Amino acid sequence: KSCGQQFAPAQYADLETGDVAGVTVIYSIGAIDADGEVGNLTNFQYVQPWVSTLTVSVATDQSNSAVADVEIKLQHVISGTARTIDESFIAETLRTGADGTDGTEIRVADAVHWYNDHQTFILTPAKCSGTWVGNDFDTRKCDGVLHEFEPPTATTTLQHLFDGSVSFTDTTAVAINGFVMFGETLDRFAPGNFNEDDWVLSSCPTLFDGMCYCPISGTNFDVVEEGAKSRPATSDDSGAFSDSAGYGNEVTLHFTGLNGHEFEFWNVTGGTFGSPISDLTIELIDFGTRPNVTFTATKDSYFVLVNSPASMRARVLGGDKGVKFITGQRVLAEKNTCGFSKQLVVTKGEVEHTGLLATDLDVSIPDDSSLPTCSSTSEKGEACRVPIPRITSNSSRLPCEVSNYDFM
């Protein structure tokens with residue numbers, strides 16, 4: 001027998017107590033017998049939590065650029081006191097990301113200290129360009145450059161069921177921001193030059209200062225700062241990277257590069273592409289596959305790291321019995337992540353392209369059904385339709401002619 005045990009879930013929504021923080025609600029639950037009588041009651045006690053969302057942002061003093069990797073200690077102040085820290089609230093530590101922000105949802109069910117709609121918090125920022133020695137937020141030491149903030153601490157009051165925000169200024173840091181992108185020169189990304197070298201721009205998913213560009217994501221490099229240990233950084237999906245350094249410190253950006261590519265640095269001033277680095281105090285620029293730039297961090301700096309041309313070669317096999325190389329087959333090279341595409345035409349079975357966007361391409365054979373059939377007399381640069389090669393019966397390869405298609 002099943003001993004009469006049954007399970008019948010019921011959902012109950014209390015619409016009257018949800019907006020009152022810290023209120024204690026007791027729900028009584030009991031079974032109703034066949035006569036309609038309520039049996040033994042089971043009491044369930046519930047404390048309505050206090051809920052709010054807090055966003056913290058940190059920026060540099062000069063250009064309001066984002067400062068990443070800043071830790072912010074969040075503490076709760078007991079209601080009705082001057083600045084008595086609520087020890088029952090476990091202090092939370094936030095950390096800013098590449099955009100200089102971080103956020104958290106605060107949800108606490110406490111009928112003693114969290115019954116007021118308005119709750120007060122203390123936030124303390126900290127950043128070490130180097131290595132922290134020790135694990136305690138308040139007592140650890142910075143082996144490197146210890147950043148200073150304005151204000152040093154912030155007190156904010158948040159309201160139940162509402163969002164709040166706090167901002168800090170890193171007075172020690174200057175920003176180091178930039179982009180890693182494809183391109184022989186920055187002029188190729190200027191408006192009106194989209195069709196240079198027969199590249200066609202079909203869309204513009206990545207845009208900087210009114211210019212389309214092709215980003216290189218996942219490029220790793222090290223930031224070596226005076227008085228601090230080397231720290232890694234990586235370009236994101238838009239090719240952007242962000243870091244910061246202490247004012248007046250010597251900084252070296254060391255890029256690990258990409259195989260087969262050479263890079264050059266360009267400086268960006270006032271949000272526009274400028275000439276190669278000229279308005280910073282540059283101690284060293286080492287170009288090549290693993291470029292380095294060393295400078296003194298006296299102001300917010302913006303860089304563009306551009307790769308030089310690389311080669312792409314495509315081959316197409318076709319013709320009588322599959323032994324003759326085809327001239328005239330179209331090959332479409334597309335850089336879908338940034339909207340550029342280019343039509344190439346093979347000569348004697350191959351085409352090689354050196355120049356803008358020569359790597360990381362989607363290469364395909366387009367539909368050429370409207371073109372004339374290729375022949376051995378096809379001229380160089382003349383697009384035509386390539387027949388599928390005919391395979392002899394003694395060939396070990398699978399014969400293409402068993403298919404329903406005559407052309408590629």
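Student: How many bridges join strand β7 to β11, and in which sense do the two strands run?

Tutor: In this predicted model, strand β7 (residues 118-126) is joined to β11 by six bridges, and the two run antiparallel. One of the facing pairs is Leu123, which stands opposite Ala154 in β11.

Student: What makes β7 and β11 count as paired strands?

Tutor: The criterion asks for at least two bridges between two strands, and β7 and β11 have six, so they count as paired. In general, strands of a sheet pair through backbone hydrogen bonds, either parallel or antiparallel.

Student: Why are β5 and β11 called edge strands?

Tutor: The open sheet in question has four strands in the order β5-β4-β7-β11, with antiparallel pairing. Because β5 (92-95) and β11 (154-159) each have a single partner strand, one side of each is left without a neighbour in the sheet. Neighbouring strands of this sheet are turned by 30° against each other on average, with direction ignored.

Student: Which order do the strands take in the open sheet with mixed pairing?

Tutor: That open sheet of four strands has the order β6-β3-β12-β10. Its edge strands are β6 (101-108) and β10 (149-150), each of which pairs on one side only.

Student: How do you know that β10 and β12 pair?

Tutor: Strand β12 (residues 163-170) and β10 are linked in the antiparallel sense over two bridges, and since the criterion is at least two, this pair meets it. Glu150 stands opposite Thr169 in β12.

Student: What makes the contact of Lys73 with Asp138 a salt bridge?

Tutor: The closest N and O atoms of Lys73 and Asp138 are 2.7 Å apart, and the cut-off is 4 Å between a side-chain nitrogen of Lys or Arg and a carboxyl oxygen of Asp or Glu, so the pair qualifies. Lys73 lies in strand β4 (residues 71-77) and Asp138 in the loop between β8 (128-133) and β9 (141-146), so that the pair links distant parts of the chain, 65 residues apart.

Student: Why is Lys73 called buried while Asp138 is called exposed?

Tutor: Lys73 has a relative accessible area of 11%, and because buried means under 20%, Lys73 is buried. Asp138 has 54% relative accessibility, and because exposed means over 50%, Asp138 counts as exposed.

Student: How many salt bridges are found in the whole structure?

Tutor: A search finds six. Among them, Glu105 forms one with Arg107, where the closest N and O atoms are 3.6 Å apart, and Arg231 forms one with Glu225 at 2.9 Å; both distances fall within the 4 Å cut-off, so both pairs qualify. Both Arg231 and Glu225 are buried.

Student: Why is Phe44 called partly exposed?

Tutor: Phe44 has 47% relative accessibility, and because that value lies between the 20% and 50% limits, Phe44 counts as partly exposed.

Student: What makes β2 a strand that is hardly covered?

Tutor: The count of buried residues among the 10 residues of β2 is one. Strand β1 (residues 24-32) is joined to β2 by eight bridges, and the two run antiparallel, with Leu41 in β2 as the bridge partner of Gly30. The hairpin of β1 and β2 has five residues between the strands, and Gly36 takes a positive phi near 85° there.

Conventions. Residues are numbered from 1 along each chain as its sequence is written. This is a predicted model: local features need pLDDT of at least 70, side-chain atom pairs count only at pLDDT 80 or more; totals for chains, interfaces and linings use all residues. Side-chain values use heavy atoms; hydrogens and water are left out. Buried means under 20% relative accessible area, exposed over 50%, partly exposed in between (1.4 Å probe, protein chains only). Axes are lines fitted to C-alpha atoms, for helices over the stretch in contact, and angles run from 0 to 180 degrees between N-to-C directions.
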